Amino acid sequence: MHKRIWQNCHAATMVGGTYSIIEDAAIVTVGERIDWIGPRNEILAQQGAEVIDLGGAWVTPGLIDCHTHTVFGGNRSGEFEQRLQGVSYAEIAAAGGGIASTVRATRAASEDQLFASARQRLDALRRDGVTTVEIKSGYGLDLANEAKMLRVARRLGAELPVTVRATCLAAHALPPEYLERADDYIAHICDEMLPALAAEGLVDAVDAFCEYLAFSPAQVERVFIKAQALGLPVKLHAEQLSSLAGSTLAARYQALSADHLEFMTEADAIAMAASGTVAVLLPGAFYFLRETQLPPMDALRAHGVAIAIASDLNPGTSPGLSLRLMLNMACTLFRMTPEEALAGVTVHAANALGLQASHGSLEAGKVADFVAWNIERPADLAYWLGGDLGKRVVRHGLEVTF
Ligand code: DI6
Ligand code: FE
């Protein structure tokens, strides 16, 4: 297997959720794994290794976007204009817009069309340093169309140099066929959709939208019970617009993560800490909806809940094509430190996907996914508002070209 030494760099390894800096570092990769990382002057003789000069760059783990809805048809910039005229997200949804309009466009699109548009968005994330991404279904809302979305997610991972985790979000909204029959739709998800999608190998995790305008905690719990019976981990959109203790419910089912969380309580934080459920905060959606209720940062920190940051890339509430911009928003809007924010898109994001054994930090044995940034300090990653900082991206030990 090909051995490479990447040197003339500093590393923010993110081990333990802090920068854990190694100055004048060297990284030895063998095939797609990190074989050794440490100070360059401690490196042992490496025969037959290719040496790569990183020109004084700062190396971080490849960024992980652990909550996206990258695959969808159409876009909703018209609704954006409506909202700027004062119409609310809930009013647009009640009038048949919102998620329902993206469901219509997604159902009408072919698999190839969905692949082409999602690929463009994923390329934007990748050019920003993302090497692992989670992609949810949830705009198909019937078996054929949810399968179509998840197949596109799988194909993106197969054809591009990025690791894709596919999450089934069939319980995102009520499809028109089930108007006023939410319990019947939940039964359909549990009895037909999840077993078939899981049998086709399309599902890495199961998510739901727990909200007064989506599904109740009791309905979500039925989905969780079925997911567990199928051996699939769960996640939850919780406490985004109101407080329903969805995150406590998620914790009871050992969820990988509970996401959004602006309206969560201290009791929710205690439950999540006990179950090791990661809090995924989505500053792009907070910003785009002009939300004013902040997630309870003090309670999350006090109880030791791991905090991840993600783009929530979706056409309705967060058309965010830059994970680094989300780092800045996490700092300016949620008062996170640049170090916490970077941990939120590396170690803690890996945890939110159940990938902590292999991803998220620069350590011997983990996959060689890293970015060599042309920056002066790690905090620069959260400081600049988007843009291209100049970088080299390595995934599975190989340099990625764009
Ligand atoms: N919460 C969100 O922010 C997205 N889904 C969800 O459950 C919004 C999705 C959309 O508006 O299309
Ligand atoms: Fe979302």
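How many residues surround ligand 1, and which are the closest?

## Surroundings of ligand 1

In this predicted model, 14 residues surround ligand 1, counting those with a heavy atom within 4 Å of the molecule. The closest are R76, Y89, Y139, H172 and T317. The shell divides into 4 nonpolar, 8 polar and 2 charged residues, where Asp, Glu, Lys and Arg count as charged, Ala, Val, Leu, Ile, Met, Phe, Trp, Tyr, Cys and Pro as nonpolar, and the others, Gly among them, as polar.

## Polar contacts

A polar contact is a pair of N or O atoms within 3.5 Å. An N or O atom in the side chain of R76 is 2.7 Å from an oxygen atom of ligand 1. A polar side-chain atom of T317 lies 2.7 Å from an oxygen atom of ligand 1, and one of H172 lies 2.8 Å from a nitrogen atom of the ligand.

## Iron site

H67 (NE2), H69 (NE2), H237 (NE2) and D312 (OD) coordinate the iron ion (ligand 2) at 2.1 to 2.3 Å; donors are N, O and S atoms within 2.8 Å of the metal (3.2 Å for Na, K and Ca). Their spacing in sequence is H-x1-H-x167-H-x74-D.

## Basis

Residues are numbered from 1 along each chain as its sequence is written, and chains are lettered from A and ligands numbered from 1 in the order in which they are written. Local features need pLDDT of at least 70, side-chain atom pairs count only at pLDDT 80 or more, and totals for chains, interfaces and linings use all residues, while side-chain values use heavy atoms, with hydrogens and water left out.

Note on methods. A polar contact is a pair of N or O atoms within 3.5 Å; within protein, one must be able to donate a hydrogen and the other to accept it, and residues adjacent in sequence count only if both atoms are side-chain atoms.
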